[in-house]
Amino acid sequence: MTKNLQLKSKNYVELTIEHENDSVVLIFPGGGYQYTSEREGEVVASKYRAEGFNTAIYHYREEKLLYPETTLESYEVLKLLKDNGFKQIFLLGFSAGGHLALHTTIQYKNLIQGLILAYPVISTDEDSIHQGSFNNLLGDRDYYRNEVSLEKIITRKLPPSYIWHTKTDLSVPISNSYKLVQALELTKTVYQFRVFEHGPHGLSLATKEVSQPNIDPQVFEDTYKDVAIWFKESVDFLKSIKK
């Protein structure tokens with residue numbers, strides 16, 4: 001069963017329930033805070049449902065809210081999922097969606113049981129910043145710049161987290177994840193960090209059904225098959241913390 005949960009804005013959550021349990025993976029697709037990528041939406045959700053999880057996809061750029069309205073709305077999303085009977089909420093964020101997923105986790109950690117981050121946008125430091133994401137998130141509110149550099153605001157232990165990144169990501173440098181992991185170490189957060197030697201930004205599942213433009217789908221899958229193992233690792237990670 002799939003239904004859309006409308007939020008107060010034009011944004012909505014696409015909830016699909018296939019299992020009689022109280023767990024859900026809430027997916028934040030990437031897209032530089034400009035749009036939500038289809039390559040990181042339903043195609044990913046279907047894989048988690050096949051592993052026994054219900055899923056929800058957060059379409060958070062139908063109306064382009066700025067920070068701090070973004071995290072206020074993510075609380076509305078968590079509340080809706082709780083109201084629909086989900087006691088275990090796991091967040092999965094890609095790229096800029098990883099930024100919103102982590103920011104949501106930092107602010108509302110008691111509502112979240114686990115976190116998965118794929119090549120996440122984290123820092124506003126000059127050596128790491130994905131400028132476009134923060135332009136779209138802040139608009140003319142640059143005075144919030146330090147507040148949205150997430151490695152700087154992690155002061156408490158967070159829910160267990162699985163993070164992955166490639167060393168050759170030219171869009172969102174791996175230094176974003178290194179800075180995050182350092183903050184997780186300082187707060188004694190349980191985490192697993194997987195680094196892959198090669199691969200561009202935005203690999204999603206790294207399988208042929210999510211191949212990037214201008215590359216043959218089978219060639220894409222064969223080239224990045226070593227990266228594709230992140231999905232199984234993330235499932236095992238979630239199942240290890242699922243009650």
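**Figure 1. Helix H3, a mostly covered helix.** In this predicted model, 11 of the 12 residues of H3 are buried. The buried set runs through Ala96, Gly97, Gly98, His99, Leu100, Ala101, Leu102, His103, Thr104, Thr105 and Ile106. From its first C-alpha to its last, H3 reaches 17 Å, close to the 16 Å expected at 1.5 Å a residue. What does H3 (residues 96-107) pack on? Helix H3 sits on the sheet, where it touches E3, E4, strand E5 (88-94) and strand E6 (114-118). The direction of H3 makes about 145° with that of E5.

**Figure 2. The eight-stranded sheet.** Here the view moves to the sheet itself, which is open and has eight strands in the order E1-E2-E4-E3-E5-E6-E7-E8. Its pairing is mixed. Which strands sit at the edges? Those are strand E1 (2-6) and strand E8 (191-196), and each pairs on one side only. From one strand to the next, the twist averages 15°. Strands of a sheet pair through backbone hydrogen bonds, either parallel or antiparallel. Zooming in on one pair, strand E3 (residues 23-28) and strand E4 (residues 54-59) run parallel and are joined by four bridges. Leucine 26 stands opposite alanine 56 in E4.

**Figure 3. Helix H2 and what covers it.** Which residues of H2 are buried? They are Thr70, Thr71, Glu73, Ser74, Glu76, Val77, Leu78 and Leu81. The cover over these buried residues includes strand E2 (12-16), E3, E4, E5, H3 and H4. After H2 comes glycine 85, which has a positive phi near 95°.

Figure 4. Where is proline 68 found? Proline 68 is in the loop between E4 and helix H2 (69-83). As background for this view and the next, most residues other than glycine have a negative phi, and most peptide bonds are trans.

**Figure 5. Two tyrosines with positive phi.** Tyrosine 33 has a positive phi of about 60°, although it is not a glycine. You'll find tyrosine 33 in the loop between E3 and helix H1 (42-49). Is tyrosine 33 buried or exposed? With 1% relative accessibility, tyrosine 33 counts as buried. Tyrosine 119 also has a positive phi in a residue other than glycine, near 35°. Its loop is the one between E6 and helix H4 (131-138). Tyrosine 119 counts as buried too, because its relative accessibility is 2%.

**Figure 6. Threonine 187 and its polar contacts.** Threonine 187 is in the loop between helix H5 (175-186) and E8. Its relative accessible area is 11%, so threonine 187 is buried. A polar atom of the threonine 187 side chain lies 3.2 Å from the backbone oxygen of leucine 184. What else does the side chain of threonine 187 join up with through a polar contact? The partner is the side chain of threonine 189, at 3.0 Å. Leaving aside residues up to four places away in sequence, threonine 187 touches Ile154, Thr155, Arg156 and Lys157.

Figure 7. Methionine 1 lies in the segment before E1. With a relative accessible area of 60%, methionine 1 is exposed. Even so, methionine 1 touches Leu15, Thr16 and Ile17, not counting residues up to four places away in sequence. Methionine 1 and histidine 19 are 18 residues apart in sequence, and their C-alpha atoms are 9.7 Å apart in space.

**Figure 8. Zooming back out to the whole chain.** The protein chain has seven helices and eight strands. Its C-alpha atoms fill a box of roughly 45 × 40 × 35 Å along the principal axes. Among contacts between residues at least 6 apart in sequence, 75% join residues at least 24 apart.

How values were computed
Residues numbered from 1 in each chain as written. Predicted model: local features only at pLDDT ≥ 70, side-chain atom pairs only at ≥ 80, totals over all residues. Heavy atoms only, no water. Pairing = 2+ DSSP bridges. Axes fitted to C-alpha atoms, helices over the stretch in contact; angles between N-to-C directions. Contact = heavy atoms within 4.5 Å. Buried < 20%, exposed > 50% of the residue type's maximum accessible area, 1.4 Å probe, protein only. Expected span 1.5 Å × (residues − 1). Polar contact = N/O pair within 3.5 Å; in protein donor to acceptor, adjacent residues only side chain to side chain.
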